[in-house]
Amino acid sequence: MSRHPEVKWAQRADKVYVTVQLPDSKNAKVNLTPDGVLTFSATAGAEDHLYELKLPLFDKVNVEESKINVGVRGIFCVVQKAEDEWWKRLLKAEGKPPHYVKVDWDKWVDEDEDAGLGDLDLGGMDFSQFEGDDAVGADFDDGDDEVQEASKPEKQEGNDNEGGSTVGDQAGKSTVQEAAPST
């Protein structure tokens, strides 16, 4: 039986910031579809418990512009909205969100305060290391965190999804991106 990790979120007019708080996760797999469905699975803890979640987001997203950072303390996703507009809530379903989904008040900005603030301070996470599809799955020795950028593959053959995180492309397929355990 799987468990749910704690999820924190905040938004801007053009982005949603989703943080999956799961320290020392192993074999992290993240999938984001254009329809706005974010799925996550990983193992963590001394007994390698399985953690999974499926978040049907409020609206569609731009997968190619979204980014994922698998770090020591958790997984941080910058989800680019398909349209620049404020969402009423994170999830598509109305009503109270699941107990493990919480607002990240440290990153939250009200809609009327969003104009002119610019992007969120990402605390030194450098997403700029990626330039194109050839960087997917690369190993990085210059920091504690592994960084991944959602990107559309030129051609995909078969379903080669073993041990990697996936990020869907506009055609509904997925690209495989390795999420090596962080140190």
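Here are some worked exercises on a predicted model of one protein.

**Exercise 1. How many helices and strands does the protein have, and which order do the elements follow?**

Let's start with the overall picture.

- Step 1: The protein has 0 helices and 11 strands.
- Step 2: Read from the N terminus, the elements therefore follow the pattern β-β-β-β-β-β-β-β-β-β-β.
- Step 3: The protein has 183 residues, and 42% of them count as buried.
- Step 4: Take the contacts between residues at least 6 apart in sequence: 59% of these join residues at least 24 apart.

**Exercise 2. What is the mean pLDDT of the protein, and where does pLDDT stay under 50?**

- Step 1: The mean pLDDT is 76, and 62% of the residues reach 70 or more.
- Step 2: Residues 126-144 form a stretch where pLDDT stays under 50. Beyond four places in sequence, the model has 32 contacts for this stretch.
- Step 3: Residues 151-178 also have a pLDDT below 50. Here the model shows 73 contacts beyond near neighbours in sequence.

**Exercise 3. Is strand S7 largely enclosed or exposed, and why?**

- Step 1: Locate the strand: S7 covers residues 75-81.
- Step 2: Apply the cut-off, by which buried means under 20% relative accessible area. In S7, 7 of the 7 residues are buried.
- Step 3: The strand is therefore largely enclosed by the rest of the structure.
- Step 4: Now look at the directions. In a regular strand, side chains alternate between the two faces of the sheet. From S7, Ile75, Cys77, Val79 and Lys81 point one way, while Phe76, Val78 and Gln80 point the other way. All of these residues are buried.

**Exercise 4. Which strands do bridges join to S7, and in which sense do they run?**

- Step 1: Strand S6 (residues 61-70) is joined to S7 by 6 bridges, and the two run antiparallel. Ile68 stands opposite Cys77 in S7, and a hairpin of 4 residues connects S6 to S7.
- Step 2: Strand S2 (residues 15-21) is likewise joined to S7 by 6 bridges, again running antiparallel. Val18 has Cys77 of S7 as its bridge partner, and Thr19 has Phe76.
- Step 3: Follow S2 onwards. Strand S1 (residues 6-11) pairs with S2 over 6 bridges in the antiparallel sense. The bridge partner of Ala10 in S2 is Tyr17, and 3 residues lie between the strands of this hairpin.
- Step 4: Check burial in S2: 6 of its 7 residues are buried, so S2 is largely enclosed by the rest of the structure.

**Exercise 5. Is Thr43 buried or exposed, and which residues does Thr43 touch?**

- Step 1: Thr43 lies in strand S4 (residues 37-44).
- Step 2: Its relative accessibility is 18%, so Thr43 counts as buried, the cut-off being under 20%.
- Step 3: Leaving out residues up to four places away in sequence, Thr43 touches Asp24, Ser25, Lys26, Asn27, Asp48, His49 and Leu50.

**Exercise 6. How many residues line the second largest pocket, and which lie nearest its centre?**

- Step 1: The second largest pocket holds about 200 Å³ of space.
- Step 2: Its lining consists of 14 residues. Nearest the centre lie Leu91, Gly95, Lys96, Pro97 and Pro98.
- Step 3: Sorted by type, the lining has 9 nonpolar, 1 polar and 4 charged residues.
- Step 4: Strand S8 (residues 101-103) gives the largest share of the lining, with 3 residues.

Note on methods
Residues numbered from 1 in each chain as written. Predicted model: local features only at pLDDT ≥ 70, side-chain atom pairs only at ≥ 80, totals over all residues. Heavy atoms only, no water. 1 Å grid on protein atoms, 1.4 Å probe; cavity = no way out; pocket = protein on both sides within 12 Å on 5 of 7 lines; lining within 4 Å. Points joined across faces, edges and corners; volume = space filled by probe spheres on them. Nonpolar A, V, L, I, M, F, W, Y, C, P; charged D, E, K, R; others polar. Buried < 20%, exposed > 50% of the residue type's maximum accessible area, 1.4 Å probe, protein only. Pairing = 2+ DSSP bridges. Contact = heavy atoms within 4.5 Å. pLDDT = per-residue confidence, 0-100.
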